Amino acid sequence: MTPFRLTLVLAALSSAAQAQVAASGGHPDFGGIWNSATATPLERPARLKDKAFFTPKEAAEWERGRAAQNQEPSPEAAAKNFGTYNKVFFEFGPRVLKTLRTSIITDPPDGRIPALTSAAATAKRRRQELLRNPGRAQDMGLQDRCLVFVTAVPPMIPYAYNSNYQIIQTQDQLMVHVEMIHDTRIIPLDGRPHLPSNVRLWLGDSVGHWEGSTLVVDTANFNDGGGFYGDAGGMYGWDRNLHVVERFSLLDANTILYRFEVDDPSAFTRPWKGELTMQRTSGPIYEYACHEGNYALPNMLRGFRVTPKGH
């Protein structure tokens, strides 16, 4: 199926789903395409210390500063440094969160992800050494292998690009289709329990229920594949003990307030929470053909194998 025809099918499904939910007279409708890109950092910068919220004036100043950082460097400056993508490739959100928070992390109060446990810190060092000196494809990051990316794994943290989601909602299910590496979660809303504990998945097993006008999604049963503490997009790590609770509510017709709670006692020294806002967008969700014409993985491995150790 071509991307254009897939888009038409998804659009038709979305329209049908919205009609069904509206006809049921039930819960808020999250159907549509949403973008989570934001100028608000995941963790609060040290210079903001205990400041949890911007004033409107401070938010405008922050946004101007972020806009300046996202400008392309001069040809002279670019020639002195190796880089990756042009700035135009990235999708840094131009606005801070609608809530005016200074960080996506809301708890601990300092707006920072808690420290790793000693065992997780050891695993992270071991994993980073493999990433620096890979000997096989399995030593490379999950994103390099096009397996999974942080924007899809609950909690859904924004990245530097492709932070887009399509939600299709019916009375009994919610589908979250992620643009990055085209991952999809289908979340039952019919009160069923989690899958048996021996069933372990990349994105975990998600089940949802309603608390008034808020959709609550509980996700467990993760596998150990992401327990590399930073290799699925560089944000954070997880293991089979990760438990995430997400809450979706509407701030207005074009804004989702997305809140989450993370508990992984074998990875982090304490639970942590966060929130962000997602803005409705016209889309479309594009096909992310991650491995199509992808020469990066074999070429990186060839490069590592011929590079002298220590370089």
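**Entry 1: the disulfide**

I began with the link of C146 and C290, which is left-handed, with -75° about the S-S bond. This is a predicted model, so I read each value here as computed from predicted coordinates. The sulfur atoms of C146 and C290 are 1.9 Å apart. I then searched the whole structure for disulfides and came back with one.

Where do C146 and C290 lie? I found C146 in the loop between helix 4 (118-132) and strand 3, and C290 in the loop between strand 10 and helix 5 (296-306), so the pair ties together parts that are 144 residues apart in sequence. A reminder to myself: a disulfide is a covalent bond between the sulfur atoms of two cysteines. Buried or exposed, I wondered about C146 and C290? Both are buried.

**Entry 2: the whole chain**

Next I stepped back to look at the protein chain. I noted five helices and ten strands. Of its 311 residues, 43% count as buried. I also looked up the contacts with a separation of 6 or more, and residues 24 or more positions apart account for 63% of them. For the accessible surface I wrote down about 16200 Å², with 55% of it belonging to carbon and sulfur atoms.

**Entry 3: the nonpolar cores**

Which residues touch the most other members of the largest nonpolar core? In this core of 47 residues, they are V176, L215, F248, I256, Y258 and M278. The elements that give two or more residues to this core are strand 3 (164-169), strand 4 (173-178), strand 7 (214-220), strand 8 (243-252), strand 9 (255-263) and strand 10 (272-280). Strand 9 gives the most, with four residues.

Setting aside neighbours within four places in sequence, V176 is in contact with M156, Y165, Q166, I167, D183, T184, R185 and I187. Another core lies apart from the largest one, and this other core has six residues, including A39, L48, A59 and V96.

**Entry 4: N221**

My last stop was N221, in the loop between strand 7 and strand 8. Why does N221 count as buried? Its relative accessible area is 8%, and the cut-off for buried is under 20%.

I then checked what the side chain of N221 meets. One of its polar atoms lies 3.0 Å from the backbone oxygen of P196. The backbone oxygen of V199 is 3.1 Å from a polar atom of the N221 side chain. Beyond neighbours within four places in sequence, I listed the contacts of N221 as H194, L195, P196, S197, V199, R200, L201, G204 and D205.

Methods: Residues numbered from 1 in each chain as written. Predicted model: local features only at pLDDT ≥ 70, side-chain atom pairs only at ≥ 80, totals over all residues. Heavy atoms only, no water. Core = buried A, V, L, I, M, F, W, Y, C linked by side-chain atoms within 4.5 Å. Buried < 20%, exposed > 50% of the residue type's maximum accessible area, 1.4 Å probe, protein only. Contact = heavy atoms within 4.5 Å. Disulfide = S-S within 2.5 Å. Polar contact = N/O pair within 3.5 Å; in protein donor to acceptor, adjacent residues only side chain to side chain. Areas by Shrake-Rupley, 256 points an atom, 1.4 Å probe, with all protein chains shown as cover.
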